[in-house]
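Here's a quick tour of one protein model, with a few spots worth a look. Keep the viewer open as you read.

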Amino acid sequence: MARSSLTRDEVLEAAAALVRRHGPDALTMRKLAAELGTAVTSIYWHVGNRESLLDALVERTVQEMGAVRPAGRTPVARIVSVARGLRRELRARPHLIAMVHERGLTERMFLPAQQALVHEVHAAGLRGARAADAVRAVQFQTVGFLLVERNRERSPVQSPGEGDLWDAVTAEHDPALARALALPADQERLFTASMRALVHGLLDAGGS
């Protein structure tokens, strides 16, 4: 039985969920109507045709990416929190982010996070070109780290793997290092540690 009432936001949320799970090619008006338990004509009434629906999803994604907010008591903690929030939001919606990129809206999507970073680096005492370098370094580190994560997740099973390659010889007779590198990376911890080191370096350089 078809639903008697439906809102545009409900349609967009269901469409976004389909894209997150299966990618944009899986998004059809018929499949979306089935997900929502409504008639296809109701979907068209709320969002127009499929291209209009994709445009609306892109705009919605851009707005959602603007929700990244700093947290923490120190400049380093607040800047790192923005980077962690940005990585988290990008990881949560890879297919939707790709749609934003394909429509040439990537820079606009990143603007709110960049503005949050600008505010924090200004508060830390950086200005001008040094502040711009800090903002871009944090953004590039975040996106680059995410690309490496995605590549590792999608790569075929490695043979030999890291656990096979690291021993006392390859680790220059540092067995603790060999054991650590043989284990899977803790990506969250590694991202936070590398970002914290980067931000410390950027702020210290700004005061030199």
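## Starting at S81

Which helix does S81 lie in? S81 sits in helix α5. One thing to keep in mind as you click around: this is a predicted model.

S81 counts as buried because its relative accessible area is 17%, and the cut-off for buried is under 20%. Leaving aside residues up to four places away in sequence, S81 touches R69, P70 and A71.

## How α5 meets α7

Helix α5 covers residues 75–92, helix α7 covers residues 106–123, and the two pack at an angle of about 170 degrees with their axes 9 Å apart. That angle makes α5 roughly antiparallel to α7, because anything over 145 degrees counts that way.

On the α5 side, the contacts come from R78, I79, V82, L86 and L90. Their partners in α7 are M109, F110, A113, A116, L117, E120 and V121.

Check the peptide bond from S159 to P160: it's cis, with omega near 5 degrees. P160 is in the loop between α8 (128–154) and α9 (162–165).

Further along, the loop between α9 and α10 holds E172 and also H173. E172 has a positive phi, near 55 degrees, without being a glycine. H173 isn't a glycine either, and its phi is positive at about 60 degrees. E172 is exposed at 69% relative accessibility, and H173 is exposed at 65%.

## A nonpolar surface patch

L165, W166, L177 and L181 make up a nonpolar patch on the surface, together giving about 310 Å² of accessible area. Of these, L177 is in helix α10 (residues 175–182). L177 is partly exposed, at 34% relative accessible area.

Conventions
Residues numbered from 1 in each chain as written. Predicted model: local features only at pLDDT ≥ 70, side-chain atom pairs only at ≥ 80, totals over all residues. Heavy atoms only, no water. Patch = residues over 30% accessible without salt bridge, like charges linked within 9 Å, V, L, I, M, F, W, Y side chains within 5 Å. Areas by Shrake-Rupley, 256 points an atom, 1.4 Å probe, with all protein chains shown as cover. Salt bridge = Lys/Arg side-chain N within 4 Å of Asp/Glu carboxyl O. Helix = DSSP H or I, 4+ residues; strand = E, 2+ residues; numbered from the N terminus. Buried < 20%, exposed > 50% of the residue type's maximum accessible area, 1.4 Å probe, protein only. Axes fitted to C-alpha atoms, helices over the stretch in contact; angles between N-to-C directions. Parallel < 35°, antiparallel > 145°, perpendicular 65-115°, else oblique. Contact = heavy atoms within 4.5 Å.
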